[in-house]
Amino acid sequence: MSYMTNALNFPQILETGDIMETYIILVNVSGAPMADFDPEHSLATLENTKKALEEVGGKMLHIWMILGRFDHCLVVEVPNSKAITAFVSMLPGHFNTETLTAFSMEAEDPEIAENAKKIRAIIGK
């Protein structure tokens, strides 16, 4: 699908370093009702989405179908904010998104990292 192949117009976003930024993308799919759902088209869209993300130097960490205000939740890593902007702008027009920046507690502050370990011990993770 051609709507996801224009990432190459953003060569500056491929300036990857060791650190990737994490984003959560909440997605609403508008358009056809679920009665018209086509699994094969959905899988093709998912594959094209992954390819578009790779074109901007990113990778998909998780994708979930969710209940509530949004239909899907994607967790992705990309090199920088230019890359996430390019990726989200390549999504099909029938996707409405909200993009959130996610920060690792451990990466930001040693004190927060210690508290995160305590929290994980309490919740058993």
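Predicted model: local features only at pLDDT ≥ 70, side-chain atom pairs only at ≥ 80, totals over all residues.

In what order do the elements of the chain run from the N terminus on? And which residues have the most contacts inside the largest nonpolar core?

Author: From the N terminus on, the order is β-α-β-β-α-β-α-α, which makes four helices and four strands. Helices (H or I, at least four residues) and strands (E, at least two) are DSSP runs, numbered from the N terminus.

Residues are numbered from 1 along each chain as its sequence is written, and side-chain values use heavy atoms, with hydrogens and water left out.

The pLDDT, the predictor's confidence in each residue from 0 to 100, averages 78 over the chain, and 74% of the residues score at least 70. Strand β3 has the highest confidence, at 95, and helix α3 (residues 105-108) the lowest, at a mean of 64. Over residues 1-17 the pLDDT stays under 50.

Now the core. A nonpolar core is a set of buried Ala, Val, Leu, Ile, Met, Phe, Trp, Tyr and Cys residues joined through side-chain atoms within 4.5 Å. Buried means under 20% relative accessible area, exposed over 50%, and partly exposed in between (1.4 Å probe, protein chains only). Of the 125 residues in the chain, 27% count as buried. The largest core has 17 residues, and those with the most contacts inside it are Ile25, Leu53, Val56, Val76, Val78, Ile84 and Phe87. Two or more residues each come from β1 (21-29), α1 (39-55), β3 (72-78) and α2 (81-90). Helix α2 gives the most, with five residues.

A contact is a pair of heavy atoms within 4.5 Å. Leaving out residues up to four places away in sequence, Val76 touches Glu21, Thr22, Tyr23, Ile25, Leu53, Lys59, Met60, Leu61 and Ile84. Over the whole chain, residues 24 or more positions apart account for 73% of the contacts with a separation of 6 or more.

Because Lys59 lies in strand β2 (residues 59-65) and Glu77 in strand β3, the pair ties together parts that are 18 residues apart in sequence. Glu77 counts as buried at 18% relative accessibility, whereas Lys59 is partly exposed at 46%.

The structure holds two salt bridges. The other pair is Arg69 and Glu98, whose side chains meet at 3.0 Å, N to O. Arg69 lies in the loop between β2 and β3 and Glu98 in strand β4 (residues 95-102), so this pair ties together parts that are 29 residues apart in sequence. Arg69 is exposed, with a relative accessible area of 63%, and Glu98 is partly exposed at 32%.

Helix α1, which gives residues to the core, also contains Leu46. Leu46 is partly exposed, with a relative accessible area of 24%.

Notes
Salt bridge = Lys/Arg side-chain N within 4 Å of Asp/Glu carboxyl O.
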